[in-house]
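Here are my notes on the model, point by point. Please read them with the structure open.

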Amino acid sequence: MSILDINKIRQDFPILDEKINGKNLVYFDNAATTQKPLVVIEALANYYGHYNANIHRGIHFLAEKATSAFEASRKTIQSFLNAEHLEEIIFTYGTTDGINLVSQTYGRKFLKEGDEIIISTLEHHSNIVPWQMLCEQNGCILRIIPIDDNGDLRLEEYEKMLSEKTKFVSVVHVSNALGTINDVKFIIEKAHAVGAKVLIDGAQASSHIEIDVQDLDVDFYVFSAHKIYGPTGMGVLYGKKDILNAMPPYRGGGEMIKEVTFEKTTYNDLPYKFEAGTPNIADVIAVKFAIDYINELGKENIAAYEDELLKYATHQFSEIEGLKIIGQAKEKISVISFVLEGIHPQDVGVILDQQGIAVRTGHHCTQPLMSRLKIPGTSRASFAVYNTTDEIDKLVKGIHKVKKMVL
């Protein structure tokens, strides 16, 4: 039984009072984006209403207050990830932006023709396409870790792939489509044994799993604020300090420079070398409040409650004739992808929406994974700390209504 007061938590999220098609909103699309608590919404409004200013170079009161709040978020994120150095925290525009930054800076400088990059079948397109682009640019070779029918990585095959040619490994911590939790510590250890660097896509893990980048010994870790009850358009790249220092800048412009002449430009120190231009100030400030909110509830408590929801929903779904859960990994977060026999996922989504129930349908930006599973897509219900078993019951009832209307 959860020690969290879920009814009180639900009061922190004003959107949960919305009516959709005359029905109370049931929001099960948390893997796409989580809803925002009042403290985050108020932090955004407070910045714009009371101390809106550009940061770092201003000496007036508003600029100094905004700069202080902006850098306070960096400190909070350092603690959230247990990074050794503050300057290892780079603000980006999201997980996708962080992966592209690494591929186009570290990748273009250090990877060459014939070098091998390993990703997995579970990857989101954001952790596939940037590496394909790098392979086209530098002549690298992309290799893919296969999965078994349950959605677990076949790590014995991964070990066989590793060689002196392996220079980079980039894998997802948690699958957005199936909920599979990967053994990233094992993956990192084996990659380092052959001298390869590792990036972990933590977009789905960041709100569910304790992350300690020093314990993992990971070279790069990326995530997005909007997956952890924070605002959209803001993300984080963690990188080991010595590696970041060796990488060229990603974008040119203000803030990332020390001195500019028409003859030569010298670049700023970390972290600002990778933060060109006016950043997403309001959203960076607000993410601190999202992390503080998570810390107040306790990530262990959140994970335990969400696991209760997953087990309850899995049991309820197993009773529905013609429903197949896609992804039965040994370790999962609170995501259930499913297909209904004879019914297209889009039809499932449309009919559930008519009942005020929001799920995600389609390939979930994991088309190669769907091809491996030999399906066009799934319906996906993903749970967060503000969801309830009563809502799961409504979803089950909604699925029965889908079957009745379509079949």
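1. Which side chain meets that of lysine 311 in a salt bridge? In this predicted model, the partner is aspartate 307, at 3.2 Å from N to O. The two residues sit four apart in helix H11 (residues 299–318), so about one helical turn separates them. Lysine 311 is exposed, with a relative accessible area of 56%. Aspartate 307 is partly exposed, at 28%.

2. The structure holds 22 salt bridges. One of them joins aspartate 29 and arginine 380, at 3.5 Å from N to O. Aspartate 29 lies in the loop between strand S3 (26–27) and helix H2 (38–50), and arginine 380 in strand S17 (residues 378–382), so the bridge ties together parts 351 residues apart in sequence. Both residues are buried.

3. Glutamate 275 and arginine 74 also form a salt bridge, with their closest N and O atoms 2.8 Å apart. This pair links distant parts of the chain, 201 residues apart: arginine 74 is in helix H3 (residues 61–81), glutamate 275 in the loop between strand S12 (265–267) and H10. Glutamate 275 is buried, at 7% relative accessibility. Arginine 74 is buried too, at 1%.

4. Salt bridges also link Arg154, Glu156, Glu157 and Lys160 in a network.

5. The largest nonpolar core has 103 residues; Ile77, Leu81, Tyr221 and Phe317 touch the most other members. Helix H10 (residues 281–297) contributes the most to this core, with nine residues. A second, separate core has 23 residues, including Ile90 and Leu244.

6. Consider phenylalanine 317 again. Leaving aside residues up to four places away in sequence, its contacts include Leu323, Phe338 and Ile399.

Definitions and conventions
Residues are numbered from 1 along each chain as its sequence is written. This is a predicted model: local features need pLDDT of at least 70, side-chain atom pairs count only at pLDDT 80 or more; totals for chains, interfaces and linings use all residues. Side-chain values use heavy atoms; hydrogens and water are left out. A nonpolar core is a set of buried Ala, Val, Leu, Ile, Met, Phe, Trp, Tyr and Cys residues joined through side-chain atoms within 4.5 Å. Buried means under 20% relative accessible area, exposed over 50%, partly exposed in between (1.4 Å probe, protein chains only). Contact means heavy atoms within 4.5 Å. A salt bridge is a side-chain nitrogen of Lys or Arg within 4 Å of a carboxyl oxygen of Asp or Glu.
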